[in-house]
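This briefing goes through one protein model, topic by topic. Have the sequence and the 3D view open while reading.

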Amino acid sequence: MHRRRKTRELCMKILYAYRFENMQQDIIEFYKRFRELNQNEDFKDVDEKYLEKLLKGVIQNQQIIDNLIAKYSKDWPLNRLPMVELELMRIAVYELLFEEDVPVSVAIDEAVDMASIFGIEKAPSFVNGILGRIAENEVKRSKNHDD
């Protein structure tokens, strides 16, 4: 599994768990505790630096991210979205808005691929549709930046 894919997958799992805890705790402290409590999780292929950047970025920019997801999911309020899909979209939207070294297509494809593994049956098309509209209307960089 590609290193960034494994990092995004672990990020989704940590954010998912974080929502069930007291979210007042610092996300990096939560991650350290998560790591201690999940010894069976494979951390060796994870980009620790990027993971921490994703975790902090999603949490610090959650209002902006959630506003965009809500805007483009129209008939689906955030509290009705399945948590896995919501966390995957939060990660992807963070990357779309704030990580210019991540190509738009990669941010979307990774979220869609993981939605097909971890989400409900219709998750991939739902996630793809929302992220595609966000990319088309809100992302101000080249859509084909595939370096």
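The model is a predicted one.

**Around Thr-7**

- Setting aside residues up to four places away in sequence, Thr-7 touches Asp-45, Val-46, Asp-47, Tyr-50, Leu-51 and Leu-54.

**α1 against α2**

- The axes of α1 and α2 are 10 Å apart, and the two helices pack at an angle of about 105 degrees.
- α1 and α2 are therefore roughly perpendicular to each other, because angles of 65 to 115 degrees fall in that class.
- On the α1 side, the contact is made by Leu-10, Lys-13, Ile-14, Leu-15, Ala-17 and Tyr-18; on the α2 side, by Ile-27, Phe-30, Tyr-31 and Phe-34.
- By class, the residues of this contact between α1 and α2 are nine nonpolar, no polar and one charged.
- Phe-34, a residue of α2, counts as buried at 10% relative accessibility.
- Not counting residues up to four places away in sequence, Phe-34 touches Leu-10, Lys-13, Ile-14, Ala-17 and Phe-43.
- Phe-34 and Ala-17 are 17 residues apart in sequence, and their C-alpha atoms are 8.4 Å apart in space.

**α1 against α6**

- Helix α1 covers residues 3-19 and helix α6 covers residues 104-118; their axes come within 11 Å and cross at roughly 60 degrees.
- That angle makes α1 oblique to α6.
- The crossing of α1 and α6 is right-handed.
- α1 contributes Arg-5, Arg-8, Glu-9, Met-12 and Lys-13 to the contact, while α6 contributes Val-106, Glu-110, Asp-113, Met-114, Ile-117 and Phe-118.
- In the contact of α1 with α6, five residues are nonpolar, none is polar and six are charged.

**α6 against α7**

- α6 and α7 have axes 8 Å apart and pack at an angle of about 160 degrees.
- α6 is therefore roughly antiparallel to α7, since the class takes angles over 145 degrees.
- The crossing of α6 and α7 is right-handed.
- From α6, Val-104, Ile-108, Ala-111, Val-112, Ala-115 and Ser-116 meet Ala-123, Pro-124, Val-127, Asn-128, Leu-131, Gly-132 and Ala-135 of α7.
- The contact of α6 with α7 has ten nonpolar and three polar residues, and no charged ones.

**The nonpolar core**

- In soluble globular proteins, nonpolar side chains tend to be buried together.
- The largest nonpolar core here has 47 residues, of which Ile-14, Leu-55, Leu-96 and Leu-131 touch the most other members.
- At least two residues of this core come from each of α1, α2 (27-37), α3 (48-60), α4 (62-72), α5 (83-98), α6 and α7 (123-138).
- α5 supplies the largest share of the core, nine residues.
- Apart from neighbours within four places in sequence, Leu-55 is in contact with Cys-11, Ile-14, Leu-15, Ile-27, Ile-28 and Tyr-31.

**A loop residue**

- Most residues other than glycine have a negative phi.
- Lys-74 is not a glycine, yet has a positive phi of about 35 degrees.
- Lys-74 sits in the loop between α4 and α5.
- With a relative accessible area of 64%, Lys-74 is exposed, as the cut-off for that class is over 50%.

Key: Residues are numbered from 1 along each chain as its sequence is written. This is a predicted model: local features need pLDDT of at least 70, side-chain atom pairs count only at pLDDT 80 or more; totals for chains, interfaces and linings use all residues. Side-chain values use heavy atoms; hydrogens and water are left out. Axes are lines fitted to C-alpha atoms, for helices over the stretch in contact, and angles run from 0 to 180 degrees between N-to-C directions. Helices (H or I, at least four residues) and strands (E, at least two) are DSSP runs, numbered from the N terminus. Angles under 35 degrees count as roughly parallel, over 145 as roughly antiparallel, 65 to 115 as roughly perpendicular and the rest as oblique. A crossing is left-handed if the near helix is turned anticlockwise from the far one by less than a right angle, and right-handed if clockwise. Contact means heavy atoms within 4.5 Å. Ala, Val, Leu, Ile, Met, Phe, Trp, Tyr, Cys and Pro count as nonpolar, Asp, Glu, Lys and Arg as charged, and the others, Gly among them, as polar. A nonpolar core is a set of buried Ala, Val, Leu, Ile, Met, Phe, Trp, Tyr and Cys residues joined through side-chain atoms within 4.5 Å. Buried means under 20% relative accessible area, exposed over 50%, partly exposed in between (1.4 Å probe, protein chains only).
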